[in-house]
Amino acid sequence: MQVDAVYENARLVTGDTALAVLHGRIVALGDDARELSARRRVDLGGGFVAPGFHDAHNHMAWFGMGLDDVPLSDCRTVDEVYDAVARRAAELPAGSWVVGSGYDQNKLAGGEHPDRHGLDRAAPGMLVRLKHTSGHMTLVNSAVLDQLDLENVPVGGDVVLSSDGSPTGLLREQAQLLLRPLTYPTPLESVIRGLDRASQQYLSEGITSVQEAGIGGGLVGETPAELAAYQLARERGVLRVRSTVMVAASVLHDLPDGAGFGLDLGLRTGLGDEWLRIGPMKLFADGSLVGRTCAMHEPFDGEPDNRGYFQVPEDELARTIRQAHDAGWQIATHAIGDRAITVVLDAYEAALAATPRADHRHRIEHCAVLPPAELTRLASLGLIASPQGRFVNELGDGMRAALGEARVPWCYRLRSLLDAGCVLPASSDRPVVDGAPLLGLADMVHRQMSTGEPFSVEEALTPAEALRAYTYGSAYATFAESYLGTLEPGKLADFVVLSADPLSTVEEARVLGTAVGGELRYEAG
């Protein structure tokens, strides 16, 4: 047999030194691979080869389109935010949109948000919209605020008011939907360009597969035709990583003839192929921890009257989960606060009791504040928690401040989930934080904040466990482990070549090359 390629002189995570590829799949490893006739042989220069990284929860289109935004993540004062806005405004014609992203009030001196009056001074005659790093808040200036229907704020959100009762310009959670008449839908070509730019960067970081955490509607959807943008991107060859898309719950509806709850034509989880698939229904239960809008049993530290809130009424949340479960969907519910996790677990438990399903793989996205009793219940129900290891580094200070020391041990648990018998995926929630998997792996192992201070280090993983989460665990979370996540014959030849072994020196590793379907799609210069 002649194969398409043999990659040799490598150090595979399996312990082998060569890998053979035919028609995009691995057909042999080690000596069996080296002995095969091949159309081409590729010397990997002793690089370490692991399965391609798989981000189980990211926002690729949002990230790619946001590369044109005013970058605000490095701002450390409110005035620095205003200065960045002013510089961009000076480059644009009067009346233009000035869009920024990535600011975090927890990292600004004084811990306060910018406000509309400061934006008005920074960019007179402009329309300004600043996206909080969490994605759960947006700040606008007066010119935008004047165009919003503030008398009809959606349930599950609020318009923040100043001490004199006037809006500050901050829209939280579902209140961001007030912007839709001005910003929605995003043109398909803009989404496609975002996918192109994002997936190019993903390949440079060793990412070969992603799960897009919400398309078509809701807070994170860009357009009702968003799946078409992915299809067009694939047809044009600019969807460079394998993509599973989660469909926003708001676009599902009852179908005729008893076809259940889903998309038109009865589409649901699992439709598609190895490049583009429909994954879970994505549902938001609550908000953000660093934004202090997630639903908590007890108040946020220092705010005795603030326990956060739900984005949809609790009975509606349970009803939607039951409908989607009965219709055969995999479900991925965003729940960050411990109160939200309790309510979501109740809803999953009731749905499974009424309509048992052995291998449902329902998920809780983020699952951020997880008390011990709820951890036990989550594992007993066969659920998948999808936390983000990188959050501890980039957002740890804001999370600790919101929770207080007593609840920090419950925050973004990793070790406890594995010890409870759960399969653990890994993800970034990019662009909320830097989504490079090598950074995520290091944070899953070290559990340190950006200051170097420890953050519930008892939840740290071994390097091998972290790597398995970023490969097999993520594939399992989307029913893809039969063809992704490990290097073995029969599976897709998606792999990353690293300069060092991440199982011993993850901080020293850098990406030398990334292969998708056995073809090197990225090589470091």
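The paragraphs below take these topics in turn. This is a predicted model, in which local features need pLDDT of at least 70 and side-chain atom pairs count only at pLDDT 80 or more, while totals for chains, interfaces and linings use all residues. Residues are numbered from 1 along each chain as its sequence is written, and side-chain values use heavy atoms, with hydrogens and water left out.

An unreviewed UniProt entry lists residues 42-521 as "domain: Amidohydrolase"; such annotations may be inferred rather than shown by experiment, and positions are given in the numbering used here, with feature names shortened. The span is 30% helix and 21% strand, and its end C-alpha atoms lie 14 Å apart. Helices (H or I, at least four residues) and strands (E, at least two) are DSSP runs, numbered from the N terminus.

Threonine 514 sits in strand β23 (residues 511-516). With 0% relative accessibility, threonine 514 is buried (under 20% relative accessible area; exposed is over 50%, partly exposed in between; 1.4 Å probe, protein chains only). Beyond its neighbours within four places in sequence, its contacts (heavy atoms within 4.5 Å) include Leu203, Phe495 and Tyr522.

Where are the disulfides, meaning pairs of cysteine sulfur atoms within 2.5 Å? A search of the whole structure finds 0. The sulfur of cysteine 294 has its closest cysteine sulfur in cysteine 411, 9.1 Å away, which is too far for a bond. Cysteine 294 is buried at 0% relative accessible area, and cysteine 75 is buried at 9%.

Key:
A disulfide is a pair of cysteine sulfur atoms within 2.5 Å.
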